[in-house]
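Welcome! Let us take a friendly walk through this structure, one region after another.

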Amino acid sequence: MAARPSDHPVPPVAERRPTERTHHGDTFIDPYEWLRDKEDPAVLAHLQAENAYTEARTAHLGDLTDAIFGEIKARTKETDLSVPGYATHTAADGGPGQAYWYYSRTVEGSEYAIHCRVVATDRGTPPDLENAIVGEQVLLDGNVEAEGHDFFSLGAFSVSADGRLLAYAVDLTGGERFTVRILDLTTGELLADEITDTAYGVAWAGSEHLFYTRADEAWRPYVVLRHRLGTEASEDVAVLTEPDERYWVGVDASRDDRWIVLGVGSKVTSEYRLLATHDPEGEPRLVAPRREGVEYDVEPAGDRLLIVHNDGALDYELAQAPLTATTHEEWQPVLPHTPGVRLLGVSAYAGHAVVSLRRDGLTALHVLPRDAAGDFGAGTDIEFAEELHVVDAHGEADYDTPTVRIGYASMLTPDSVYDYALATGELTLLKQTPVLDDPTYGPYRPQDYVQERGWATATDGTRVPLSIVRRADVALDGSAPALLYGYGSYEISIDPGFSLSRLSLLDRGVVYAIAHVRGGGELGRGWYESGKTLTKANTFSDFVACAHFLLEHGYTSTDRLAARGASAGGLLMGAVANLAPDTFRAIHAGVPFVDALTTILDPELPLTVIEWDEWGDPLHDPEVYAYMSAYTPYENIAARPYPAILATTSLNDTRVFFVEPAKWTAALRHTTTSSEDRPVLLKTEMVAGHGGVSGRYKSWRETAFEYAWILDQITG
């Protein structure tokens with residue numbers, strides 16, 4: 001292991017103030033619940049002491065952190081431009097109006113993107129990406145918006161259908177509550193309209209009405225409101241209010257700008273309403289009433305609706321319905337259910353529809369042509385050669401388009417943007433994210449690395465996939481360091497994409513692997529269903545099985561294996577630390593959901609009731625309570641040696657409160673018997689949210705620190 005100071009600083013010791021929590025005849029004594037109050041000076045003092053301790057214990061990593069940060073920076077084209085997207089706006093008479101190319105660019109030394117547009121003469125002549133763009137109009141400069149603030153994030157960015165107005169939403173604390181402002185793009189002046197305390201997203205109906213959502217005290221978006229420009233926000237009208245605390249609401253505009261789409265959803269049920277944009281003050285029409293356990297999405301497709309649903313279809317099917325549909329009985333199959341092929345969504349265009357799906361653990365795209373009557377013919381897949389990859393339909397702003405924008409990457413191929421010609425199937429590469437030469441490691445050459453699929457065997461015999469990348473010259477004799485990443489919740493898939501920063505690990509000989517554990521969506525809906533509620537323990541045992549696969553196949557050894565996960569993946573990290581502490585040398589848990597039972601028991605906490613469909617309801621169900629009690633990391637720490645632990649969190653995180661890792665690290669120090677070279681560290685960002693620090697350079701610096709800590713633990 002790397003050299004460490006002989007005199008370690010003394011870690012902070014949180015005061016133990018026992019409080020009782022009793023449910024279903026079971027009492028848990030919680031000594032650290034007092035750490036929840038972030039307004040308490042004693043709590044802030046403890047977090048600051050933890051930060052000071054972490055800084056002292058990692059002071060020797062300064063040079064390595066600087067080196068990794070320098071590598072990320074050197075490999076990044078800091079002044080760069082996204083691929084411009086074409087959009088035609090609506091003229092005053094309702095016909096086609098001015099067209100623009102929209103894009104964002106970054107400037108060396110600046111933290112945030114600059115959002116721009118330029119007048120388009122025709123679709124076939126995009127701006128020259130390599131030279132200054134004549135006639136550029138800056139719509140929003142994130143660096144100007146962020147000036148004077150430690151945090152900045154956009155929650156909405158939407159140009160009105162006529163191209164005259166920009167509505168955007170900003171968060172300056174990380175608390176995910178936004179302020180919406182409206183910019184007149186013809187004059188460059190902000191309108192007097194300002195809407196505070198909004199949630200994510202806005203949708204325009206014409207250029208006079210703006211729809212948005214607001215969250216309640218539990219951070220649940222519960223209401224869609226309509227704002228008429230020129231009026232006070234206090235006069236805004238509630239268009240849709242959802243009283244059931246298990247559900248949240250959302251709002252969007254259809255691709256053809258004819259409809260406002262209002263959605264209501266829980267973890268297992270959904271329903272949609274449509275409102276014509278020409279009648280923004282009208283009454284939204286229900287597409288199909290909610291039915292418990294049935295999820296569906298609605299995509300307006302000209303003279304009909306396209307609907308992806310799971311009614312009698314575990315992995316979902318694609319249906320169509322009349323534009324006037326008001327019940328599921330009007331749905332007619334377009335792509336019938338195929339077990340093992342998980343349909344994720346559909347994007348409709350005048351001449352085609354593009355279906356996003358998942359098959360054999362990988363994403364894929366299926367294109368359906370439409371005839372003159374708008375009916376769908378036999379479809380075709382967009383093929384890619386690499387064994388492991390990720391592909392998605394970025395989509396087009398225009399409903400009538402000859403091409404569709406495609407995003408593609410693999411663990412070896414940097415993020416790439418293609419145009420797919422709907423008529424011919426031709427793929428045209430528009431841009432591949434450049435990886436510049438690193439002064440130490442030289443140019444990036446994909447042929448110097450290999451990506452491969454592994455299959456671990458879980459304790460119940462289930463085969464669990466891994467995606468693995470390493471340098472081709474790494475010996476598979478157990479001597480290499482390795483990092484295993486996992487998530488495994490909410491049917492979220494961790495796909496085998498490209499990471500520029502990950503090169504700093506690979507070029508130091510680290511094997512990087514993703515464990516596609518149950519609870520994620522990699523192998524379809526059944527894969528998710530078998531890793532939630534009363535089968536959640538499969539997520540944890542799958543991850544350990546993936547670690548054993550790496551060990552048994554010579555990728556690494558226990559003293560060189562680290563694990564990493566964040567949010568619900570942080571719960572995974574806490575669980576495997578208890579389940580298999582001897583398997584890992586180090587664990588990094590980001591914004592970790594490690595006090596899961598306490599959180600899910602309290603319906604007053606943000607998002608708790610919504611989460612009952614994912615984890616179960618331990619407040620009312622003793623079986624769920626007992627099951628969660630057996631795995632929640634904070635309550636199952638044992639008096640035995642543990643891996644080195646780094647927990648990172650943010651004071652303003654509204655999804656996983658900082659108190660969870662604060663309590664967990666205090667309990668780990670109090671209970672475990674780890675040696676001094678396996679410290680328990682807590683690092684709290686004092687101005688940030690669930691996603692951590694904002695700004696690309698700050699984010700690179702944070703990644704560099706985390707990688708340096710991991711490397712220090714697993715290399716020697």
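A residue is called buried here when its relative accessible area is under 20%, exposed when over 50%, and partly exposed in between (1.4 Å probe, protein chains only). This is a predicted model, in which local features need pLDDT of at least 70 and side-chain atom pairs count only at pLDDT 80 or more, while totals for chains, interfaces and linings use all residues. Residues are numbered from 1 along each chain as its sequence is written, and side-chain values use heavy atoms, with hydrogens and water left out.

**Cysteines and buried residues**

Cys-116 is buried because its relative accessible area is 1%. Cys-546 is buried too, at 0% relative accessibility. A disulfide is taken as a pair of cysteine sulfur atoms within 2.5 Å, and a search of the whole structure finds zero of them.

| Residue | Relative accessible area |
|---|---|
| Cys-116 | 1% |
| Cys-546 | 0% |
| Thr-277 | 13% |
| Glu-706 | 8% |
| Ser-541 | 15% |

**Strands and hairpins**

Helices (H or I, at least four residues) and strands (E, at least two) are DSSP runs, numbered from the N terminus. Two strands pair if DSSP finds at least two bridges between them. In general, strands of a sheet pair through backbone hydrogen bonds, either parallel or antiparallel.

Begin with strand β1 (residues 19-23) and strand β2 (residues 26-30), which are antiparallel and joined by five bridges. Arg-21 stands opposite Phe-28 in β2. The two strands make a hairpin with two residues between them, and His-24 in the turn has a positive phi of about 55°.

Further along, strand β14 (residues 221-228) has six of its eight residues buried. On one hand, β14 is joined by seven bridges to strand β13 (residues 209-215), running antiparallel; here His-209 faces Arg-228 in β14. This hairpin of β13 and β14 has five residues between the strands, and Trp-219 takes a positive phi near 65°. On the other hand, β14 pairs with strand β15 (residues 237-241), again in the antiparallel sense, over four bridges. In that pairing Arg-226 stands opposite Val-237 in β15.

His-352 has Pro-369 in β26 as its bridge partner.

**Rings and charges**

Rings of Phe, Tyr and Trp (its six-membered ring) pair if their centres lie within 6.5 Å; planes under 30 degrees apart count as stacked, over 60 as edge-to-face and the rest as tilted. By this rule there are 19 aromatic pairs. Why is the pair of Phe-69 and Trp-700 called tilted? The ring centres of Phe-69 and Trp-700 are 6.5 Å apart and their planes are at 55°, so the pair is tilted. This pair links distant parts of the chain, with Phe-69 in helix α2 (residues 62-75) and Trp-700 in helix α12 (residues 696-714), 631 residues apart. Both Phe-69 and Trp-700 are buried, and ring pairs join Phe-69, Tyr-697 and Trp-700 into a cluster.

A charge sits over a ring if NZ of Lys or CZ of Arg is within 6 Å of the ring centre and within 35 degrees of the ring normal. The charged end of Arg-177 sits over the ring of Trp-219, 4.0 Å from its centre. Likewise, Arg-342 lies over the face of Tyr-316, at 3.7 Å from the ring centre.

Contact means heavy atoms within 4.5 Å. A polar contact is a pair of N or O atoms within 3.5 Å; within protein, one must be able to donate a hydrogen and the other to accept it, and residues adjacent in sequence count only if both atoms are side-chain atoms.

Thr-277 is found in the loop between β18 (270-276) and β19 (285-286). A polar atom of the Thr-277 side chain lies 2.8 Å from the backbone oxygen of Asp-257. Leaving aside neighbours within four places in sequence, the contacts of Thr-277 include Trp-204, Ala-205 and Trp-259.

Glu-706 is placed in helix α12. Not counting residues up to four places away in sequence, Glu-706 touches Arg-564, His-588, Leu-646 and Thr-648.

Ser-541 belongs to helix α6 (residues 537-552), and its side chain reaches the backbone oxygen of Asn-538 at 3.3 Å.
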